[in-house]
Amino acid sequence: QNEEKWDFVLVSDIHEVGSEKEIKRNKFLYELSKKGFTIKKIEDTKLFYGVRAPPHIFWKYQCLLTNPNSRQQNSSAYQDVPVTTRIRVVHFILQNTVTSDLEKLHDLMKKKVFEAAFPLHKKEEIREILKKKWARWRVLFKEQPIEQIRCYFGEKVALYFAWLGWYTYLLIFAAVAGLATVAAGATVFSSSQVSKEICDANNTIMCPLCDQNCSFWLLSDTCTYAKVTHMIDNEATVVFAMFMAIWATVFLELWKRERANVVTSWDLYGWDEEEEELALQLINNSQHEPRLYQHSYLRSTIVLILALLMIMVLIGIAHALVIYRAMAVAVFTQSNTSLLSKHADIVAVMTGAVLHYLTIVIMSKVNWNVALFLCDLEKPRTFSQRENSFTVKIFLFQFFTHFSSLIYIAFFLGRVNGHPGHYVRIAGHWRLEECHPSGCITDLFIQMAVIMVLKQTISNIMEYLIPLISHQLRKKKKHPQRRSLMLGEEEEAEDPCKRQWLNNYELNEVNVFSLFNEYLEIVIQYSFTTIFVAAFPLAPLLALVNNVIEIHMDAIKMMRLRRRMVPRKAKDIGIWLQVLEAIGILAVIGNGLVIAITSDFIPVQVYKYMYSPCTRENHTSMDCSTGYINNSLSVFHIQDFEAHTKVLPEFKGKRIKECRYRDYRNADDYTYTVQFWHIFAAQLAFLILFEHVALCVKLIAAWYIPDVPQRVKNKILTGKHDNLRNELSTAEYSTEV
């Protein structure tokens, strides 16, 4: 029975006898044989080589890495080694076995000597449990079997799903808070004083949105837009932003506790990745010398410069999107289609968001290759260091790819465009966009909604359909044709391994970055859920729905559509935790800036307490924001338009002498009013106050919730105490003897 248990399968094309590829293949297999590996060959449309490691390899592993008090001093100990450990050890040896030509398996696969190397999905009890309780849509809302995932895929995959499950569970509270914020805004959808003023502004004539043959327009035309804006932009948004800053901290602190519980139950709390790698190197080659730590300031400087250049390119792409939006508004405004010309700004925002999504798709592939190239320049010492270095670079590149355009909309749109008679122009021709009189927060809302919905729906569909279709095509292409039997001829008994190996070969390939891609996708989603959440309170709800589907979609891919992933040990989620903590700090800064700058919250409060009728008279029944819209619009005399600006002087049969625009400027010389500086000072004060309060609350929450539960600390403490007591007893007994 044991003879047919194989750790790995190597797949090769059937090369010509005596060809260079066949010679290289035989040299590699010979090196494995010298190490005591059992090799079984099966021929079909490809050559399959089953590989099984000798028992002494696992005995060495146990001797080097198991607690001395529990070591088995006999060669049968390998039978107790978990399957995940067997696969990991064999994979390491396969990857580091060197032929007489100084070539490793990686080099041979590049030269097409071998096509694939993978561990097997086997018909075993734990796999059937995972298929039944995890990798199916019927168990969408059931708890994940983390222990079984660990026993089948290893600790690294199990920790990913434990973290994703924990994040998804806590998203329920953020999603409820987001829905409550939107619901609070919906109650003032039609009753907001600011919205009412815009809807009733039938005589407020606004300045044209373009330079050539654009007419004036009434502020009341944007009534619906104003209502939507104030559904998002209200006092509840400030509370929600503060809540999300605290939520991000509590999520990470509670995850640290959960992770401590999990890894302690797995007896991995004191596990050392570097020690494990050194042990595997010695098992593979007892003469191995460790590669020492090195640091090159020259290489680091080159990598830093190239990374900064890449970030500048990504910011340049965001500028290109700004140019598109400016041109689109100008073109759509002059369109003959009334619907398009009437809603030119909204159409420009929507098409700009779709274009932004397309740039994300394209640049993600470019970012990937650039990050890999920079990692190769750094020459990291170990795979773990390479993975951490790659994680930081790809996250930075992806962050700027996703958020550069959003940062422009949030903090620069409508603030750097100048004013009538003195507009800032692109190439001296196209005007930059202006904010709506009720604020720019709706533009940010639309942009985030489009990107999140497109990214999550399209990505999930492609992520599931591509492996499914690919698997079906591979099955159709690789499935061997059964030979028809001649009369009187008996059918040969098929090797039971053959069908199993073929079925595994027909599955989709996995690589070292398969799990990394899943982490990156969720961390980018976490950025959307926290950084600009004040502008898009529905982000946590979208993330929650996505994650519930994502967990089981990943499970189905891993169990049914992909080859078995090589298990890896881990005691935490690695450098991703530092990335999440950095996002938490950015979330405080981002949401503070959104409320202070993008939102109309501060200008409205300044008006209420310094300029409204309530400050002059005791009107207890009056809404103190009455008159805010008229106060926030400046007056422009149309004779001051630039020479090349051509506007239609008449509007609805009346000759227009002046129009209104959103800003705080004097009507005579267009300089900033005192109110502008009052608002600026209030925005700055609010930003400092909000960020300091939020960061203090984060620090208090981090202090209040210990990273490691007392139960875990006590378990580790008593374990150390018992070990020392046993060693002391052993030493005293040896002395007496």
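Visitor: Which residues of β3 point one way, and which point the other way?
Guide: In this predicted model, β3 covers residues 47-52, and six of its six residues are buried. In a regular strand the side chains alternate between the two faces of the sheet. For β3, one group is L47, Y49 and V51, and the group pointing the other way is F48, G50 and R52.

Visitor: Which strand joins β3 over six bridges, and how many residues lie between the two in their hairpin?
Guide: The strand joined to β3 by six bridges is β2, residues 38-43, and the two run antiparallel. As one example of this pairing, K41 has Y49 of β3 as its bridge partner. The two strands form a hairpin, and the number of residues between β2 and β3 is three.

Visitor: What is the order of the strands in the open sheet, and which strands stand at its edges?
Guide: The open sheet has four strands with antiparallel pairing, in the order β2-β3-β1-β4. Two of these strands have a single partner strand each, so one side of each is left without a neighbour in the sheet, and these edge strands are β2 and β4 (116-118). Neighbouring strands of this sheet are also turned against each other, direction ignored, by an average of 20°.

Visitor: Which helix lies across β1 and β3, and which helix touches β1, β2, β3 and β4?
Guide: The helix lying across β1 and β3 runs at about 40° to β1, and this is α3, residues 83-96. The helix that packs on the sheet and touches β1, β2, β3 and β4 covers residues 496-505, and its direction makes about 80° with that of β2; this helix is α17.

Visitor: How do α20 and α23 run relative to each other, roughly parallel or roughly antiparallel?
Guide: Two packed helices are described by the angle between their axes and the distance between the axes. Helix α20, residues 576-598, and helix α23, residues 674-704, have axes 9 Å apart and pack at an angle of about 150°. Because an angle over 145 degrees counts as roughly antiparallel, α20 is, relative to α23, roughly antiparallel.

Visitor: What is the handedness of that crossing, and which residues of α23 make the contact?
Guide: Where α20 passes α23, the crossing is right-handed. On the α20 side the contact includes G584, I585 and V588, and on the α23 side the residues are Q683, F686, L687, F690, E691, A694, L695 and K698.

Visitor: How far apart are the end C-alpha atoms of residues 676-705?
Guide: An unreviewed UniProt entry lists several spans as "transmembrane region", among them residues 394-413 and 676-705. Over residues 394-413 the chain is 90% helix and 0% strand, with the end C-alpha atoms 27 Å apart. Residues 676-705 are 97% helix and 0% strand, and the distance between their end C-alpha atoms is 43 Å.

Visitor: What percentage of the residues in the protein chain is buried?
Guide: The protein chain contains 24 helices and 16 strands, and its C-alpha trace spans about 100 × 80 × 55 Å along its principal axes. Of its 737 residues, the buried ones make up 50%.

Methods
Residues numbered from 1 in each chain as written. Predicted model: local features only at pLDDT ≥ 70, side-chain atom pairs only at ≥ 80, totals over all residues. Heavy atoms only, no water. Buried < 20%, exposed > 50% of the residue type's maximum accessible area, 1.4 Å probe, protein only. Pairing = 2+ DSSP bridges. Axes fitted to C-alpha atoms, helices over the stretch in contact; angles between N-to-C directions. Parallel < 35°, antiparallel > 145°, perpendicular 65-115°, else oblique. Left-handed = near helix turned anticlockwise from the far one by under 90°. Contact = heavy atoms within 4.5 Å. UniProt positions renumbered as here; feature names shortened; annotations may be inferred.
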